[in-house]
Amino acid sequence: MKTLTATHVKYYHLCHRKLWLFDRDVWMEHTSEAVAAGELLHQTAYPQRAERYREISIGSSKIDFYDPQRKVVHEMKKSAKMADSNIAQVKYYLWLLEQHGVENPTGILEYPKLRQTQPVDLTDEDRARIPLELGVMKVLLADDIPCPPVINKPFCKQCAYYEFCYVAE
Ligand code: SF4
């Protein structure tokens, strides 16, 4: 099992099978295409952004756009369809920042294509929940745990592992 990252947290909230495949470095061609599309969005949506904010590594995770003056994490996404997992990812960043001594960080989810933003805060409930979820993830990703079953959700068709899950089997 790899060291847990924000991507693990995001996938935990999306699909445990996706989490398991990601952790075991199962990559599909579509996975790298989706990653490339995400990187392109980061490079082109806000051209001045790289000068205004900092990329920081914290724990085993990387925050692409952090405003150290205001203690705000900016996380950009292509779509709001997976809003719950996007929020979970940003909350994890906020939790990590707090674990490293940053007081009261906040987050903003940005959807440039939709011209929408969503504020994200860390609550006491989140502070209690996140360590428990990390523990559950470690159990799910233990060496002897088999790949979880497919979840048959509408968003599976947009998932990079769709062919692996539904065509290859
Ligand atoms: S296609 Fe569906 S079941 Fe398979 S990993 Fe993706 S979200 Fe999970």
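From the N terminus on, the elements of the chain follow the order α-α-α-α-β-β-β-α-β-β-α-α. That comes to 7 helices and 5 strands. The model is predicted.

**The chain as a whole**

The chain has 169 residues, and 40% of them count as buried. Its accessible surface is about 9900 Å². Carbon and sulfur atoms account for 52% of that surface. Consider the contacts between residues at least 6 apart in sequence: 66% of these join residues at least 24 apart.

**Helix packing**

Two packed helices are described by the angle between their axes and the distance between the axes.

| Helix pair | Angle | Axis distance |
|---|---|---|
| α1 (residues 6-14) and α6 (residues 124-140) | about 80° | 11 Å |
| α5 (residues 83-99) and α6 | roughly 100° | within 11 Å |

Take α1 and α6, which pack at about 80°. Angles of 65 to 115 degrees count as roughly perpendicular, so α1 is roughly perpendicular to α6. On the α1 side, the contact is made by His8, Val9, Tyr12 and His13. On the α6 side, Arg129, Glu133, Leu134, Val136, Met137 and Leu140 take part. By class, this contact of α1 with α6 has 6 nonpolar, 2 polar and 2 charged residues.

Now take α5 and α6. Their axes cross at roughly 100°, and the two helices are therefore roughly perpendicular to each other. Helix α5 brings Lys91, Tyr92, Trp95 and Glu98 to the contact. Helix α6 brings Asp126, Arg127, Arg129, Ile130, Pro131 and Leu134. The residues of the contact of α5 with α6 divide into 5 nonpolar and 5 charged, with no polar ones.

Two residues of α6 link the pairs. Arg129 and Leu134 are in the contact with α1, and Arg129 and Leu134 are also in the contact with α5.

**Around the ligand**

Which residues surround the ligand? Cys15, Arg17, Lys18, Val150, Ile151, Phe155, Cys156, Cys159, Tyr161, Tyr162, Cys165 and Tyr166 do. The elements that give two or more residues to this shell are α2 (16-23) and α7 (162-167). Helix α7 gives the most, with 3 residues.

By class, the shell has 10 nonpolar and 2 charged residues, and no polar ones.

Conventions:
Residues numbered from 1 in each chain as written. Predicted model: local features only at pLDDT ≥ 70, side-chain atom pairs only at ≥ 80, totals over all residues. Heavy atoms only, no water. Near = heavy atom within 4 Å. Helix = DSSP H or I, 4+ residues; strand = E, 2+ residues; numbered from the N terminus. Nonpolar A, V, L, I, M, F, W, Y, C, P; charged D, E, K, R; others polar. Axes fitted to C-alpha atoms, helices over the stretch in contact; angles between N-to-C directions. Parallel < 35°, antiparallel > 145°, perpendicular 65-115°, else oblique. Contact = heavy atoms within 4.5 Å. Buried < 20%, exposed > 50% of the residue type's maximum accessible area, 1.4 Å probe, protein only. Areas by Shrake-Rupley, 256 points an atom, 1.4 Å probe, with all protein chains shown as cover.
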